[in-house]
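Open the model in your viewer and keep the selection panel at hand.

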Amino acid sequence: MKVVVFWGCRILTSQFAYEMSVRETFPKLDVELVDLSETNCCGDPVKSMNDFAANYLAARILALANNTGLEHLLVPCNRCHFVISEAKNIMAKNDDVSKKVGELLKEEGLIYNPDIKIWHTIDFLHDLIGLKSIKKAVRKPLKDLKLATHVGCQIIRYSELGRVDDAENPQKLDELVNELGAKSIDYAEKLDCCGANLMHSHVDSALSLAGTKLASVQSYDVDGLVVSCPDCGLMFDFKQKDAATTAGVKLELPVVYYTQLLGLALGVEQEKIGLHLNQSPIDKLLSKVSA
């Protein structure tokens with residue numbers, strides 16, 4: 001299966017381990033990733049100031065994907081996935097916006113295709129590849145790991161848009177974790193915010209949210225936290241020390257992307273899935289995998 005991929009900016013500028021682990025693991029599931037020949041911003045940074053511009057930029061991603069002739073678009077970033085999905089929804093419901101965007105794209109020789117299916121990493125693996133195929137591909141079951149998951153808000157809300165999983169009780173990431181042989185837990189703070197949306201305006205509040213959530217997860221005596229969003233990865237992994245200081249707690253919680261965990265279960269070398277780039281203390285988690 002071939003799928004065109006739009007990485008967005010966060011993954012390509014700081015969350016390199018997410019990209020590396022997707023590029024390493026997907027081919028082992030018989031998925032060929034096709035990069036766009038050119039790209040642009042998803043539109044999120046301008047959405048609060050110029051909604052039309054945001055919709056145009058997001059629709060242009062879909063038009064560029066259409067140039068590949070492929071029917072599936074993978075968007076691993078939660079924020080990009082939301083903006084592109086919402087633009088597609090607006091293009092379907094608002095004839096004026098659809099016509100104006102279509103005319104602008106036509107000036108570049110681009111054609112908007114509403115039939116391209118937009119996937120996030122989680123529903124792509126869960127719904128399209130399937131749990132049975134994931135389990136069948138596992139070479140090294142992660143049977144000794146007890147893990148918590150954090151799916152991130154923008155791929156589960158708002159429900160009317162048609163999101164990746166249930167807004168109140170998301171289970172797909174947990175099921176993907178369990179298919180690797182690990183055990184995911186349910187916990188009261190599962191839907192609590194990572195704080196990323198406040199990083200540009202209220203840094204202390206953002207880090208306090210991240211630190212408070214990490215402390216809660218750590219209290220359940222898990223081996224780590226599994227994420228699938230580059231903003232959440234940034235807050236919980238890269239910013240863990242700052243979050244601990246701001247929240248006034250001691251944190252030593254390993255944080256990994258699901259695709260890194262998948263890579264471990266598939267037997268991929270740790271450096272190829274970017275585990276040397278994680279900033280949280282992942283050694284204890286890795287020692288259980290290697291034991």
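**Stop one: two crossing helices**

Select helix α8 (residues 203–218) and helix α10 (residues 240–247): their axes come within 7 Å and cross at roughly 95°. Axes here are lines fitted to C-alpha atoms, for helices over the stretch in contact, and angles run from 0 to 180 degrees between N-to-C directions. α8 and α10 are therefore roughly perpendicular to each other (65 to 115 degrees; under 35 is roughly parallel, over 145 roughly antiparallel, the rest oblique). Helices (H or I, at least four residues) and strands (E, at least two) are DSSP runs, numbered from the N terminus.

Now show side chains. On α8, pick Asp204, Leu207, Ser208, Ala210, Gly211, Thr212 and Leu214; on α10, pick Gln240, Asp242, Ala243, Thr246 and Ala247. These make the contact (heavy atoms within 4.5 Å). By class, five are nonpolar, five polar and two charged. Ala, Val, Leu, Ile, Met, Phe, Trp, Tyr, Cys and Pro count as nonpolar, Asp, Glu, Lys and Arg as charged, and the others, Gly among them, as polar.

A word on the source: this is a predicted model, where local features need pLDDT of at least 70 and side-chain atom pairs count only at pLDDT 80 or more, while totals for chains, interfaces and linings use all residues. Residues are numbered from 1 along each chain as its sequence is written, and side-chain values use heavy atoms, leaving out hydrogens and water.

**Stop two: α3 and α4**

Move to helix α3 (residues 51–66) and helix α4 (residues 78–93). Their axes come within 8 Å and cross at roughly 100°. That makes α3 roughly perpendicular to α4. From α3, select Asp51, Asn55, Ala58, Ala59, Ile61 and Leu62; from α4, Val83, Ile84, Ala87, Lys88, Ile90 and Met91. This contact has nine nonpolar, one polar and two charged residues.

**Stop three: the sheet**

Switch to cartoon. Four strands form an open sheet in the order β6-β5-β7-β8, with parallel pairing (strands pair if DSSP finds at least two bridges between them). β6 (183–184) and β8 (255–257) are the edge strands. Zoom on β5 (residues 146–150): two bridges join β5 to β6. Lys146 stands opposite Lys183 in β6.

**Last stop: His120**

Select His120, in the loop between β4 (117–119) and α6 (121–137). Is His120 buried or exposed? At 0% relative accessibility, His120 counts as buried (under 20% relative accessible area; exposed is over 50%, partly exposed in between; 1.4 Å probe, protein chains only). Among the residues His120 touches are Tyr18, Cys77, His81 and Ser228.

Conventions: Lists of a residue's contacts leave out its neighbours within four places in sequence.
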